[in-house]
Amino acid sequence: MWVLLAAIGRSATTLRDECLADQLALGRIARGDHSALAELYDRHARLVFSLALRILQNRADAEDVVQDVFTQVWAQASRYDTARGAVAAWMLMMARTRAIDRLRSRSSRPETATEARVVEAVPDVTARQDLQLLSAEQVESLQDALNVLPVAQRVALELAYYEGLTHAEIADRLSEPLGTVKTRIRQAVIKLRESLVQ
Amino acid sequence: MDAIKDDERPELEPPILQGLAQAVPQVDPPPELRARLLRSVSTSPTSTFTSPRPVAWWLATAASLALVAGLTIYTAQLRTRITGLESELRDTRARADAAQQLMIVAQRTATGAQTAVAILTAPDVARVDLAGQQPVSPSASARAFWSRSRGMVFNASNLPPLPAGRTYQLWVVTAQAPISAGLLTPDIQGSVSEVFNTPPDIPQPIAMAVTIEPAGGVPAPTGDKYLVGTL
């Protein structure tokens, strides 16, 4: 299990407490406690907004995603099994799914029926990964690895993650052969994985 | 989708996905968004009210309506239904409309409901939220209102069904030994509501817990904890 403690700007102990506090807040949300939702918002809205903004490149749309995510948390709190992962990680996953859906409808790009996206959207409350927030050090390490990736690899990976494209769509966007795109993403992932193992 | 499984597709495992989610430039959302969000959820129900699973039910008299409405945020969210008291209560959960956000407590005696309201309105009432425990009861939850002078109202939901020969027992945990408040038998949907008389002179409670015990209860807890909450 990848149990990694601390978040950007916060110490390891603080985040471990926060992770527990998030679970307790979720319990209170399930009983209708608005202050618990506000608590979650104050802790994690920045993370959620930042990811939505990166994907949508539009503040108003990103704000809508934040509202949607926290509204979904409000509605589904009692159905979320915290054994499946940290609340914040769940919210980030929801944010990505919603932002990419918005992106696709914005460009009215049809859902490709024959090929799955490189990074699949996972049904929110049934996500099976054991997700945790990464520590500030881990994120920095990953950012450094991203920064030294060859541009072609980085672009392919970012199209896969932040735009939710399929291999074929990326190949089309970059005017490169499908095999080349797959190789680039695979190589990028290997390097990122190495950066996280430290 | 598995038919097109591609073993050249890289495994973007969770930590990498998580890292990519967090690695973006961090930007604060505008302050108005927080207010907008909280305004919009204040009018929408939470999952406990809209899910098909049962919630705890409170029974209140018409005369007590104003008192109940004046209580904590939790009770203020309840819309109590005005109804008569019955000496024998049946499980009405299957018929109740969850979307109306009703909370009704099933009482065993005609005076039970009056006691419940008295406890809720007591000046010394304390609220305890109890949470389910891994691995036995992860989705169980409970709430207790305890007044030293008037007793305890306890309601729980999503308790696992009891095996034969077992019961749930509610404990008030103090700095000394835990004190049994009483026994609980959930209905088939895992819900239970009870009013207990608690001795007024018990030591200051620290926490409450529900354990599983042999039928008839025991003088001290022996079984697994199914619900735990601190004061």
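Figure 1. Look for Arg34(B) and Asp42(A), whose side chains form a salt bridge at 2.7 Å, N to O.

*Notes for reading the views.* Residues are numbered from 1 along each chain as its sequence is written, and chains are lettered from A and ligands numbered from 1 in the order in which they are written. Because the model is predicted, local features need pLDDT of at least 70 and side-chain atom pairs count only at pLDDT 80 or more, while totals for chains, interfaces and linings use all residues; side-chain values use heavy atoms, with hydrogens and water left out.

Figure 2. Chain A and chain B bury about 5200 Å² between them, with 61% of it on carbon and sulfur atoms. Buried area here is the accessible area (1.4 Å probe) that two parts lose on being put together, summed over both. Arg31(A), Tyr41(A) and Arg46(A) supply 14% of the area that chain A buries against chain B, more than any other three residues. The contact (heavy atoms within 4.5 Å) takes 62 residues from chain A and 49 residues from chain B.

**Figure 3. Phe70(A) in the largest nonpolar core.** A nonpolar core is a set of buried Ala, Val, Leu, Ile, Met, Phe, Trp, Tyr and Cys residues joined through side-chain atoms within 4.5 Å. Buried means under 20% relative accessible area, exposed over 50%, and partly exposed in between (1.4 Å probe, protein chains only). The largest core has 71 residues, and Phe70(A) and Leu20(B) touch the most other members. Its largest share, 13 residues, comes from α2(A). Leaving out residues up to four places away in sequence, Phe70(A) touches residues including Tyr41(A), His44(A), Met91(A) and Leu37(B).

Figure 4. Thr71(A) sits in helix α3 (residues 59-76) of chain A; helices are DSSP runs (H or I, at least four residues), numbered from the N terminus. Thr71(A) is partly exposed, with a relative accessible area of 27%. Leaving out residues up to four places away in sequence, Thr71(A) touches Leu37(B), Ser40(B) and Val41(B). The side chain of Thr71(A) also reaches the backbone oxygen of Gln67(A) at 2.6 Å.

**Figure 5. Helix α6 of chain A and its cover.** Helix α6(A), residues 151-162, has twelve residues and reaches 16 Å from its first C-alpha to its last, close to the 16 Å expected at 1.5 Å a residue. That expected span is 1.5 Å times one less than the number of residues. Among the buried residues of α6(A) are Gln153(A), Leu157(A) and Tyr161(A). What covers the buried residues includes α4 (87-106) of chain A and α1 (14-22) of chain B. Just after α6(A), Gly164(A) takes a positive phi of about 65°.

**Figure 6. Ser195(A) in helix α8.** Ser195(A) lies in helix α8 (residues 178-197) of chain A. Ser195(A) counts as buried, at 7% relative accessibility. Ser195(A) touches Ser141(A), Leu142(A) and Ala145(A), not counting residues up to four places away in sequence.

Terms used: Helices (H or I, at least four residues) and strands (E, at least two) are DSSP runs, numbered from the N terminus. A polar contact is a pair of N or O atoms within 3.5 Å; within protein, one must be able to donate a hydrogen and the other to accept it, and residues adjacent in sequence count only if both atoms are side-chain atoms. A salt bridge is a side-chain nitrogen of Lys or Arg within 4 Å of a carboxyl oxygen of Asp or Glu.
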